[in-house]
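Subject: Structure for you to look at, with notes

Hello,

Please find the structure below, followed by my notes on what was found in it.

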Amino acid sequence: MHKYIPILDWGRRYNTMALSNDLVAALIVTIMLIPQSLAYALLAGLPPEAGLYASILPIILYAIFGTSRALAVGPVAVVSLLTATAIGNVAQAGTAGYAIAALTLAFLSGSFLVLMGVLRLGFLANFLSHPVIAGFITASGILIATSQIKHILGISAEGHTLPEVFLSLFHNLSQANMLTASIGIAVMAFLFWVRKGAKPFLIRLGLPARLSDFGAKAGPVLAVFVSTLAVFGFDLISKGVAVVGEVPQSLPPLTMPDLSPELVSSLLVPAILISVIGFVESISVAQTLAARKRQRIDPDQELIGLGAANLGAAFTGGFPVTGGFSRSVVNYDAGAETPAAGIFTAIGLAVAAVTITPIIFFLPKATLAATIIVAVLSLVDFSILSKTWNYSKADFAAVSITMLVTLTLGVEIGVTSGVAVSILVHLYKTSRPHMAIVGQVPNSEHFRNILRHDVETHSDILTLRVDESLYFANARYLEDQLYDLAAQRPNLKHVILMCPAVNAIDMSALHSLEEINERLALSGIKFHLSEVKGPVMDRLLNVDFPKHISGKIYLSQHQAITDLNREPKSDQTFSRRASDQYDPA
């Protein structure tokens with residue numbers, strides 16, 4: 001059972017040293033997670049306590065079913081934004097229906113993740129390419145930061161796209177509260193300084209490096225404490241400073257999602273998007289951290305772990321969660337040895353939920369907004385544009401379209417368009433695969449592209465290497481290229497299709513190979529294959545293709561050339577240079 005319930009595996013070897021390291025890591029992550037969870041609940045349009053609730057049972061369930069030793073699960077910025085967008089279409093923020101919709105979204109997301117894990121469908125996440133994810137996260141970071149300006153200035157603003165938010169902010173700018181703005185800007189400046197300057201400053205004061213690091217991680221808590229004290233001490237509520245307000249002083253309640261067909265149908269697609277995006281973000285963090293300690297992550301079991309966490313959130317007053325990058329790195333750097341660190345973090349947050357919530361009443365919303373802005377701006381990475389432009393114009397198009405559509409039309413349409421563009425680009429590339437005429441490198445058994453190397457070729461033999469699997473989208477392209485090349489060579493007797501990069505041949509491509517064989521035979525040209533991979537050859541044997549081919553199927557290209565060279569030649573072997581050749585690709 002330890003394969004499906006990983007806690008049974010690492011729990012057997014748990015010792016006092018691991019306990020000590022996990023407790024320290026849990027303390028640091030708890031301090032970091034309190035303001036973050038409150039802030040991300042605000043971003044999702046939910047009451048602040050929902051952030052705490054979404055960080056208790058979900059963490060425990062992931063510790064039981066997840067395979068990462070350091071992944072810290074809970075509310076994250078991008079998923080919170082997607083949550084707000086999804087449930088904002090079906091309910092009004094601040095209403096009971098809005099909170100219930102969040103529970104339903106978490107339930108649907110959790111169910112989909114578990115189903116994917118059970119059916120071992122983790123590979124579906126591969127349809128979200130890295131450029132699309134990078135572009136989406138960058139655009140989402142900009143949207144999130146922009147959406148929080150209203151809390152920094154103390155004004156109201158609506159909108160799910162960048163133009164809508166900017167227009168709303170501009171119309172309400174005259175209502176800005178200077179005290180709120182002062183708090184928000186001061187907290188934001190402090191948090192930016194904490195990220196880079198707090199630890200060196202504390203070290204210069206003589207504190208040990210580990211204690212200085214702990215102090216730097218506690219920076220957001222200090223900002224929360226000081227700004228809350230300022231609101232309480234100077235009665236800033238009466239002067240228009242918006243605060244969090246009353247937060248229930250209790251453990252997470254037992255809640256039930258609404259599974260009515262109308263609501264489920266409205267949230268199903270957003271739930272799938274949240275599941276896939278959350279899984280991609282989570283698995284990338286988990287694998288990165290696991291690689292540092294040479295540990296193994298099981299993607300399908302991760303789906304079950306994250307699914308269990310979201311189901312836990314659905315039944316305890318939360319909203320969709322996933323593994324967070326920043327808190328996972330903090331958890332790892334703090335010395336977390338096992339997922340038990342997450343369980344201890346959940347206990348710490350549960351204690352916070354029943355003890356410090358009365359203090360949160362005076363917490364300015366501007367402080368939480370500043371926390372969100374500082375956190376998400378680290379996600380914004382415009383360098384991906386220059387990297388993809390220099391490396392691949394197709395990937396640049398995918399990144400650009402994803403970012404542009406996300407910013408102008410919304411996050412759901414943005415990520416969907418990014419996936420669509422990635423798939424279309426992939427289909428276009430594979431429908432026109434790279435092909436090269438190859439010749440033999442002198443005094444070797446190697447064959448290389450005639451456009452890149454001085455190689456030996458033969459006027460009566462054409463060897464074409466195709467660098468892609470053959471399937472319905474590129475089968476006709478292969479036919480056209482081969483016929484054009486054959487028509488240019490009046491002395492041609494043999495065509496060899498070199499297949500070292502062909503991993504599969506579907507029925508459409510098989511039909512094309514049969515057509516090529518018949519058409520070349522009518523012209524007195526023999527058709528051969530070389531370097532066919534074992535699984536591909538097995539399928540060709542199943543349909544007796546080798547019996548019908550006019551030529552032979554050779555184990556290696558060198559074997560093919562050696563065998564065909566035994567025949568009488570109408571022309572001698574010669575060497576060609578790249579500048580003299582035609583490139584079919």
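Which residues lie nearest the centre of the largest pocket? Before the reply, two points on how to read the notes. This is a predicted model, in which local features need pLDDT of at least 70 and side-chain atom pairs count only at pLDDT 80 or more, while totals for chains, interfaces and linings use all residues. Residues are numbered from 1 along each chain as its sequence is written, and side-chain values use heavy atoms, with hydrogens and water left out.

The residues nearest the centre of the largest pocket are R195, F325, S326, S378 and L379, and they belong to a lining of 48 residues. A pocket here is an open set of points on a 1 Å grid over the protein atoms alone, with protein on both sides within 12 Å along at least five of seven lines, whereas a cavity is a set of points where a 1.4 Å probe fits but cannot get out; lining residues have an atom within 4 Å of a point. The volume of the largest pocket is about 1400 Å³, where a volume is the space filled by probe spheres set on the points, and grid points are joined across faces, edges and corners. Helix α10, residues 178–204, gives the largest share of this lining, 8 residues; helices (H or I, at least four residues) and strands (E, at least two) are DSSP runs, numbered from the N terminus. By class, the lining of the largest pocket holds 27 nonpolar, 11 polar and 10 charged residues, where Ala, Val, Leu, Ile, Met, Phe, Trp, Tyr, Cys and Pro count as nonpolar, Asp, Glu, Lys and Arg as charged, and the others, Gly among them, as polar.

The second largest pocket contains about 840 Å³ of space, and its 36 lining residues include L42, G45, A93, K150 and E158, which lie nearest its centre. The lining of this second pocket divides into 20 nonpolar, 13 polar and 3 charged residues.

The search of the whole structure also finds 3 cavities of 30 Å³ or more, and the largest cavity holds about 120 Å³. Among the 18 residues that line the largest cavity, I59, L71, A72, V73 and G342 lie nearest its centre. The elements that give two or more residues to this lining are α2 (16–43), α4 (57–65), α15 (325–333) and α16 (340–355).

Helix α15 also contains R327, which is buried yet has no salt bridge, the nearest side chain of opposite charge, E281, being 8.0 Å away. Buried means under 20% relative accessible area, exposed over 50%, and partly exposed in between (1.4 Å probe, protein chains only), and a salt bridge is a side-chain nitrogen of Lys or Arg within 4 Å of a carboxyl oxygen of Asp or Glu.

Elsewhere, 9 salt bridges are found in the whole structure. One of them joins the side chains of D300 and R120 at 3.3 Å, N to O; D300 lies in helix α14 (residues 299–314) and R120 in the loop between α6 and α7, so the pair ties together parts that are 180 residues apart in sequence. D300 counts as buried, at 12% relative accessibility. R13 and D9 also meet in a salt bridge, at 2.9 Å, N to O, and D9, R12 and R13 are linked in a network of salt bridges.

Best wishes

Notes:
Lys and Arg count as positive and Asp and Glu as negative; His and the chain ends are not counted.
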